[in-house]
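Colleague: Could you take a close look at one part of this model for me? I would like a connected account of a single chain and what it touches, with the cut-offs spelled out.

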Amino acid sequence: MSSSQRPSKLFRNLNAKVASIPMILTALVVFVGGTAWTVLYSFTNSKLLPRLHFVGLDQYHRLWSTSRWLVSIENLLIYGAISLVFSLVIGFLLAALLDQKIRFEDTFRTIFLYPFALSFIVTGLVWQWLLNPDFGIQRVVRDLGWTSFSFDPLYNSSIVIYGISIAALWQGTGLIMCLMLAGLRGIDEDIWKAARVDGIPMWKTYLFIVIPMMRPVFITTLVIIAAGIVKVYDLVVAQTSGGPGIASEVPAKYVYDYMFFAQNLGQGFAASTMMLLSVVIVIVPWAYLEFGGRKRG
Amino acid sequence: MVDVASLSAGTEARRRDAAGPSGPRPRHVLSRRNIFLYGTLIVMAVYYLLPLYVMIVTSLKGMPEIRLGNIFSPPVEITFEPWVKAWATACTGLNCDGLSRGFWNSVRITVPSVLLSIAIASVNGYALANWRFKGADTFFVILIVGAFIPYQVMIYPIVIILREIGIYGTLTGLVIVHSIFGMPILTLLFRNYFTSMPEELFRAARVDGAGFWGIYLRIMLPMSLPIFVVAIILQVTGIWNDFLFGVVYTRPDTYPMTVQLNNIVNSVQGVKEYNVNMAATILTGLVPLIVYFISGKLFVRGIAAGAVKG
């Protein structure tokens, strides 16, 4: 822009460049460098220490033939499907209810959102207590007279992941509700008036007019939920520690355990690279739809 | 929201106004719609509040009462002993000085992490908004894309970097890690805020001879306090609630509160004291809960900003 020739381009705007050093280092060294490093070392047979002895895809072969990893992936898929469907549905319904010009809206919103302020550790421990078969909900119902009642998801390996999902939904739906509510408030009041004049029932207005109009909000929410699903770790550690047996293991826990306990770094790197791959599969199409289209238009 | 029937009733009432009684139209409080609406909301509210209630109630009971009674029943005999024990004498491994150590560790982690991450990110955002240099946007895009990379991918390289510098296992190391991973979202937050400020302000200051730091400290900083509050809320809750970085980058004597809590509750040795566990759980959740209840709408703004990462 400026036509005057300075002695060196490098020193122009020097303060801004100096101030950006932390950002540049983080972007290049940690994000790009760290990721490349992990992917590179996932092709080695590093055990206790990282070592550049390449073994091709061996770690990946071993990974996909380990039952613990397969269980982790299966759990992640179930947990992911439940999180996506239920947090979208419950979050939207709560937002729609709060959007009816009700009294005490702030109170209700505060109640629905407070679990989100709590950590996954706290969430996991509370639900571990509530779902405790000897003292929790199962015991209470049995004491009421229904003695054959059984509800012990955390001790039953076939349904343990659902027990974890309940806790995750309790913690996270408030956030989705808030995002949806913001989306609903962004809809023009005239749309509602027009629908009312035309005599369209409210549920039809929501389903066929409002929800399609909220597409950007839904996409953002979807990306947020998806990013959260892959990261799930603390909740499982607190609630079940992966048990009973390996029934509630998740990929993030597999990575941590192999890196810092089993001292099998190669496996940890390969597993984390698979996690990265799953995120790429979700994010790239979304980024392409969101930003690729805009550039062309 | 007013439905069609009540709208027409409203015009009718207005027509009758000339002769009839004045004042607002009486509302049907117990209409079927209201019963359904508030009924659903109250049921959901009870569901969301129940775990908090059970936590508090359990923490105030003695162990015999817990074994005999119902988790939902209020305590017959209120005791604060579990709280004292959770804070001061609960054991993790060989240490028996309770959660207090974890609490102070968390304070020593959270305070500098919040300050450092916000200082770095606000200056970054300011440089990106007002002092753009060639290539700046490229780094910014990498930073934002990096926010989506699972932490597990970058954990180990950071261990090596910290070990090389000689701060692996120290609180300093953890503070740096928190500053790094807080950077994408905070930088985005500040960049967007500074970009929305009037350009004339910045130009006028430049004409008056203010430089990079002068404008930041004397104009941008005082004018953007709300966004700083949002950033502080976001970071305090986020860093306080962190578990993964705490467990990876600190040693047992510097464990943050969340890690210590998990160790206390999930330790296999000894008799399980559920009341102590619940007291410890509440104590750990207390800081973010207080931040949440005090900050109110700003918290919502913070998470909305924090959530919209793309």
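Modeller: Happy to! Of the 310 residues of chain B, 51% count as buried, where buried means under 20% relative accessible area with a 1.4 Å probe, protein chains only (exposed is over 50%, partly exposed in between). Please keep in mind that this is a predicted model, in which local features need pLDDT of at least 70 and side-chain atom pairs count only at pLDDT 80 or more, while totals for chains, interfaces and linings use all residues. Residues are numbered from 1 along each chain as its sequence is written, chains are lettered from A and ligands numbered from 1 in the order in which they are written, and side-chain values use heavy atoms, with hydrogens and water left out.

Chain B has 15 helices and 0 strands; these are DSSP runs numbered from the N terminus, H or I of at least four residues for helices and E of at least two for strands. Take the contacts in chain B between residues at least 6 apart in sequence: 70% of them join residues at least 24 apart. Contact here means heavy atoms within 4.5 Å.

Now to the partner. Chain B brings 91 residues to its contact with chain A, and chain A brings 92. About 8,100 Å² is buried between chain B and chain A, and carbon and sulfur atoms give 77% of that area. Buried area is the accessible area (1.4 Å probe) that two parts lose on being put together, summed over both.

What about polar links across this interface? There are 17 residue pairs in polar contact between chain B and chain A, both residues at pLDDT 80 or more. A polar contact is a pair of N or O atoms within 3.5 Å; within protein, one must be able to donate a hydrogen and the other to accept it, and residues adjacent in sequence count only if both atoms are side-chain atoms. Salt bridges between chain B and chain A number 0, the rule being a side-chain nitrogen of Lys or Arg within 4 Å of a carboxyl oxygen of Asp or Glu.

On the side of chain B that touches chain A, helix α2 (residues 32-59) gives the most, with 16 residues. By class, that side of chain B has 70 nonpolar, 16 polar and 5 charged residues. Ala, Val, Leu, Ile, Met, Phe, Trp, Tyr, Cys and Pro count as nonpolar, Asp, Glu, Lys and Arg as charged, and the others, Gly among them, as polar.
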